[in-house]
Every structure is written in C-alpha cells, then in structure tokens.
Amino acid sequence: SKITDVLGRLYRRPSVSYRSLFQSAGNKSELVATFLALLELIKDKRIRVDGAGDEQYVRLREGETIGD
C-alpha cells in the first residue's frame, strides 16, 4: 500500500521533501493514492509536514516508529 511505501521511505530517511514522494508516481491514480496515504498518516499523527511552499518536508513524528 502507499502508506507502507511512505513509511518505508521515512524509515530509511526520517525527513524527505513533500514533492519527492510524488515523483515516482506513474499516473494520476498513484498521485491520488499517495496524497490520501499522507492525509491518513497525518490524521493518525504518525507523520508531520513542516515548511511552506517548495520547502515542505515530511517527517516521522518524534517518538514514533514504523510499527507504532
């Protein structure tokens, strides 16, 4: 699932640019699925998005681990 993909990327590198999460999407469906995965992770307080404009970064929340 896209949630697993996002968390896997954050496990390897705890901070990634928001834009980079969408670069590997092959079509609009994958873009939407990635966006929905981010919304779900933010809602569950497992990740946070910091910054503004082109300087947005996605980070694992402090104290969180992939399995939490």
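This is a predicted model: local features need pLDDT of at least 70, side-chain atom pairs count only at pLDDT 80 or more; totals for chains, interfaces and linings use all residues.
**Exercise 1. Describe the order of helices and strands in the chain.**

Step 1. Count the elements: two helices and three strands.
Step 2. Read along the sequence: the pattern is α-β-α-β-β.

**Exercise 2. Check the length of helix 2.**

Step 1. Helix 2 covers residues 28-43, which is 16 residues.
Step 2. The expected span is 1.5 Å times one less than the number of residues. That gives 22 Å.
Step 3. The end C-alpha atoms are 22 Å apart, so the two values agree.

**Exercise 3. Which residue caps the N-terminal end of helix 2?**

The cap is Asn 27. One of its side-chain oxygens lies 3.0 Å from the backbone nitrogen of Ser 29. A polar contact is a pair of N or O atoms within 3.5 Å; within protein, one must be able to donate a hydrogen and the other to accept it, and residues adjacent in sequence count only if both atoms are side-chain atoms.

**Exercise 4. Find the buried and exposed sides of helix 2.**

Step 1. List the buried residues (under 20% relative accessible area, 1.4 Å probe, protein chains only; exposed is over 50%, partly exposed in between). They are Thr 34, Ala 37, Leu 38 and Leu 41.
Step 2. Look down the axis. These residues fall within an arc of 100°, so they line one face of helix 2. The arc uses directions from the helix axis to the C-beta atoms.
Step 3. Turn to the face away from the buried side. It carries exposed Lys 28, Ser 29 and Lys 43.
Step 4. Find the partners. The buried residues pack against helix 1 (2-12), strand 2 (47-50) and strand 3 (57-60). Contact means heavy atoms within 4.5 Å.

**Exercise 5. Repeat this for helix 1.**

Step 1. Val 6, Leu 7 and Leu 10 are buried.
Step 2. Their arc is within 95°, so they line one face of helix 1.
Step 3. On the other side, Thr 4, Tyr 11 and Arg 12 are exposed.
Step 4. The cover includes strand 1 (15-17), helix 2, strand 2 and strand 3.

Methods:
Residues are numbered from 1 along each chain as its sequence is written. Side-chain values use heavy atoms; hydrogens and water are left out. Helices (H or I, at least four residues) and strands (E, at least two) are DSSP runs, numbered from the N terminus.
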